Amino acid sequence: MFKTLFENVQQQTPLVHCITNYVTVNDVANVLLAAGGSPIMADAPEEVADITSICTALNLNIGTLNSRAVESMLLAGRQANALSHPVVLDPVGAGASPFRTEATFRLLEEIAFTVIKGNISEMKTIHSGSGTTKGVDADISDAVTEETLEATVMFAKRLADRNDAVVAITGAIDIVADRDKAYIIRNGHPQMAKVSGTGCMLSAVIAAYCGANPEQLLDATAAAICLMGVSGELAYERMISNAAGTSSYRSYIIDEISKMSAETLEGGAKIESR
Amino acid sequence: MFKTLFENVQQQTPLVHCITNYVTVNDVANVLLAAGGSPIMADAPEEVADITSICTALNLNIGTLNSRAVESMLLAGRQANALSHPVVLDPVGAGASPFRTEATFRLLEEIAFTVIKGNISEMKTIHSGSGTTKGVDADISDAVTEETLEATVMFAKRLADRNDAVVAITGAIDIVADRDKAYIIRNGHPQMAKVSGTGCMLSAVIAAYCGANPEQLLDATAAAICLMGVSGELAYERMISNAAGTSSYRSYIIDEISKMSAETLEGGAKIESR
Amino acid sequence: MFKTLFENVQQQTPLVHCITNYVTVNDVANVLLAAGGSPIMADAPEEVADITSICTALNLNIGTLNSRAVESMLLAGRQANALSHPVVLDPVGAGASPFRTEATFRLLEEIAFTVIKGNISEMKTIHSGSGTTKGVDADISDAVTEETLEATVMFAKRLADRNDAVVAITGAIDIVADRDKAYIIRNGHPQMAKVSGTGCMLSAVIAAYCGANPEQLLDATAAAICLMGVSGELAYERMISNAAGTSSYRSYIIDEISKMSAETLEGGAKIESR
């Protein structure tokens, strides 16, 4: 199901405007290039609307938020909405502080997002206006497991309906849903949690995939998640065979994305629909 | 002496709030994960006290300081003090500009630090209110050598006494001291100076070790320094055998930290007490 | 022609003050160390003039510009001019938004640059006050090819004359010129375009080379470009033989810079003068 989605990215080289945190921004830029897109980072209120206008998609990530960035996100988001560009929200750490939570609510209120991607804790914060977040990782008690899977799929569909967006809940098992349909994805490797920024990279790749496939937003989001997951699996094998560690693993993940073929992606994806 | 200290970090996964420079922040995040901790970066005045409250330790690094960050450091530092969280100061480039020096003095005046870590030039600035700093490297004339070692140990103990903190003076030979006791550490490799950020990584790892070992702050700081040093030695061997260069070396250092065992750390540490 | 230029950098370890974007800043720091220089990043208006004063060269890169950074660039630039330090401008994305274009014009008006380095689209923006920029890559229609080479050399010399600076136009073929003389450089590899920041790294290395060779600015700039290009070629061979991808390639480029000898640089340079 991914061949055309993948090839559209390679052929169109979608330019993705990222307003993102300074922790993982370099990985985000490099993963976009590796995936077949092109990055442009710009966060000054004076230029974000202009920059968004020359791009194909917008990626908003609140990882190291500040008040100026919120203003810029609103300006860029409104412009992207006006131009019907896909807009992705990665509400990193929503729930960890009132500042992040309120900024997230304000963004959701003023901007129509195409995809909202977060861990279960962040997504619960979005849903309920409450919740706890331990750093940027999901609360263990809130992890998506086989037992809680069915309920989480229902939750994802409801959240998608309420926000009129594709919802991606990431964790050991990933769930992607719109109001009608959900995918369950079992790619990736636990070691990815030892690398800072795999989540931020994923949001950016989702933006590239949606930018190049605007008519298939749910499938494009699922393809991006499978791409990250399959690459994480291949990179893990290389890490082990090289007796390497987590920093090399980080590089290998991006390497595998840059080397990916439609066939490897298709063959490696562990995806089912509900 | 490091086994329990090491295991406490692995088992507790201390969450470290970092307000740090944007040059090496990604390495800081990844080294914390590699060492067994967890990073959260947040520097907006609106949220730093909230973020610190959910963490175990606070790491303040003035590498790319600005006036807003100073304000945030003060807010976070006061909150960490109120909650008795360990607080680490890395006064990068103190002495290089009046702005950095004055910010350092203000931080020292208003916040009780648990550990202060810097090169000899930065530490002299802290001590005397004067001093020169060539970039972020110690002045050669101020290097800690076998000849100046005894005097530097005395200096470290005095500085520790005056600031009621553990003092870590890093260089070819590292010295860690509280008012009563000092360790001399001869791990690491000169090649580490060709990698940007090894000092910033170290401060963050010290914060993680102090967070997980709040009753043994001197030993926890020494353990973190040995961890960085032993990893730097192992990574150097791998760099040479791969005919690699300084960028791979950077990755290998973090790799070795992620692969470290208590036994390797214990066996590799070159530490003596004075 | 490069032996002395190369050795001057190794022996003098030029300290380069960088006010640069947060996307590629870590690579910029590490490439400066790899090339034999030393980085210091500082962008607060309160300290930039002080920091520049203790440095050998200044590198201004507008990749993630904001209004505070423009102010800091002006303060640092004036101080560098007053001290006769080389100042390099990398007008990343000039033409992509009025904000960047106007900031570029203002910098050019108020600061005397030693070297201006950009792709053909950015350089045309500088020349004409108009132009289009697709992200940070040159417009394909504006690419420097064998057919357009002679005209571009003329353009570079005119631009150099008008700005009283060395002008470096980068692309598949690189052109470096002052008002009288131009070099054409055919090093590098197309794969370098899949790595974020090779252009930013280059500006910083140019600043280091000009800082250590202030009497030979045109040749120093050419040497820096050849250094990046030859390293990119060697790194590409290593990437292929390791079956690696673009993230490893990024590391390998910096690795090769750190391993470079004057002989390898001299032997690998594909340079001709016009």
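A salt bridge is counted where a side-chain nitrogen of Lys or Arg lies within 4 Å of a carboxyl oxygen of Asp or Glu. Between chain A and chain B the count is one salt bridge. The structure is a predicted model, in which local features need pLDDT of at least 70 and side-chain atom pairs count only at pLDDT 80 or more, while totals for chains, interfaces and linings use all residues. Residues are numbered from 1 along each chain as its sequence is written, chains are lettered from A in the order in which they are written, and side-chain values use heavy atoms, with hydrogens and water left out.

The salt bridge of chain A and chain B joins A:Arg100 to B:Glu47, with 2.9 Å between the closest N and O atoms. Helix H5 (98-110) and helix H10 of chain A are the elements that give two or more residues to the side of chain A that touches chain B. Helices (H or I, at least four residues) and strands (E, at least two) are DSSP runs, numbered from the N terminus. H10(A) gives the most to this side, with four residues. The side divides into 11 nonpolar, 13 polar and six charged residues; Ala, Val, Leu, Ile, Met, Phe, Trp, Tyr, Cys and Pro count as nonpolar, Asp, Glu, Lys and Arg as charged, and the others, Gly among them, as polar.

In terms of contact (heavy atoms within 4.5 Å), 30 residues of chain A meet 32 residues of chain B. About 2400 Å² is buried between the two chains, 48% of it on carbon and sulfur atoms. Buried area is the accessible area (1.4 Å probe) that two parts lose on being put together, summed over both. On the side of chain A, the most area is lost to chain B by A:Tyr22, A:Val23 and A:Ser247, together 23% of what that side buries.

The interface of chain A with chain C takes 32 residues from chain A and 30 residues from chain C. Here about 2400 Å² is buried, with 49% on carbon and sulfur atoms. A:Asn26, A:Leu33 and A:Glu47 supply 20% of the area that chain A buries against chain C, more than any other three residues. A:Glu47 also forms a salt bridge with C:Arg100 (2.9 Å, N to O). Helix H2 (25-35), strand E2 (38-41), helix H3 (48-53) and helix H10 (246-259) of chain A each supply at least two residues of the side that touches chain C, and H2(A) gives the most, seven residues.

Chain A is superposed on chain B by a rotation of 120° with 0.0 Å of shift along the axis (RMSD 0.0 Å). That is the relation of a three-fold axis. The superposition is by least squares on the C-alpha atoms of residues with pLDDT of at least 70 in both copies. The C-alpha of A:Tyr22 is the nearest to the axis in chain A, at 3.7 Å.
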